[in-house]
Amino acid sequence: MADEALFLLLHGEMVAGLYRAAEQGEGENGRCTTKLESMGFRVGQGLIERFTKDTARFKDELDIMKFICKDFWTTVFKKQIDNLRTNHQGIYVLQDNKFRLLIQMSAGKQYLEHAPKYLAFTCGLIRGGLSNLGIKSIVTAEVSSMPACKFQVMIQKM
Amino acid sequence: MSRSPGRKQENHKISRELFVLTYGALVAQLCKDYEKDEDVNACLDRMGYSIGIRLIDDFLARSAVKKCRSYSETADMIAQVAFKMYLGVTPSVSCSSASGNEFSLILDKNPLVDFVEELPAERASLCYCNLLCGVIRGALEMVHLAAEVSFLQDRLKGDAVTEIGITFLRKPEDRKHRR
């Protein structure tokens, strides 16, 4: 669907626009990542509600993470997460080998320092989705070689 | 796990909702960052312009349409092909000037405001969908058509319909294809 192009462009513009405003002295650099993450959080909350309207109740945490890796990721990014690892003690690592938002940037180490900016929104998306499914978490991302990236989810016991 | 046939349409709907929700979060963030409505509108227009100059490539690649030979064909193309492709709605086009360079697109259903009930009182002059104006302006500029695009009516502000006005700025040149 042509919607993907719209979302990709809008996301790119958001990142660029926020960082441009920061360079002009309207805020420190770190706050841009926070702003992007909080936008992703809001979107994630809304999206997960619309998405899980008709699905069955989840059995446990692992079930929820598998849902995020398969159905949620497929709807948002048109593919599944390639690898899910966990230590069964509340830490999950989601690995995506061809992350949609990074594909058009580079295929290797070029522009590696800019990659985190483009992952902040998605971290918020995951955190927001989990939050509305009843899980409080902290989500971080790391990139070692584009377009593969890893999202680390740390479940917070409430 | 059996999938119901309606699942694919739901997924399309959800990826459109992703865009709408992201846009809403963006507008909310901009409202927090800027106090004046004009600043938010200008920022949205700028962002829309940057998106439009890139979106036109995607549009032309997907639709493979022929070159438009007049302003009214261009306006029809925007309404019937582009809007349908990206937002799933088809606004109606009307020409609002005798010289043939002012058009308006009337949207009775605007997907961008699906989740918006009303503008907050202190943001009365916010053009929520100003991104669209920037996108159209940017896309037209990349095909060498200068235009001014703005919202003439906005349902969120109490008007009956949402109307986008496109004014092409240069007179159409008569091209004589003579060899």
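Which side chains meet in a salt bridge at 3.7 Å, N to O? I found those of Arg54(B) and Glu13(A); a salt bridge here is a side-chain nitrogen of Lys or Arg within 4 Å of a carboxyl oxygen of Asp or Glu.

I note that this is a predicted model, in which local features need pLDDT of at least 70 and side-chain atom pairs count only at pLDDT 80 or more, while totals for chains, interfaces and linings use all residues. Residues are numbered from 1 along each chain as its sequence is written, chains are lettered from A in the order in which they are written, and side-chain values use heavy atoms, without hydrogens and water.

**Interface.** I counted three salt bridges between chain B and chain A. On the side of chain B that touches chain A, the elements giving two or more residues are helices H1 (7-33), H2 (37-63) and H3 (71-87) of chain B; helices are DSSP runs (H or I) of at least four residues, strands (E) of at least two. H1(B) gives the largest share, 17 residues. I also looked up the contacts (heavy atoms within 4.5 Å): 32 residues of chain B touch 29 residues of chain A.

**Sheet.** In chain B I traced an open, antiparallel sheet of four strands in the order E1-E2-E4-E3; strands pair if DSSP finds at least two bridges between them. The edge strands are E1 (92-95) and E3 (147-153) of chain B. I followed E2 (102-107) and E4 (162-168) of chain B, which pair over six bridges, and found Glu102(B) opposite Thr167(B) in E4(B).
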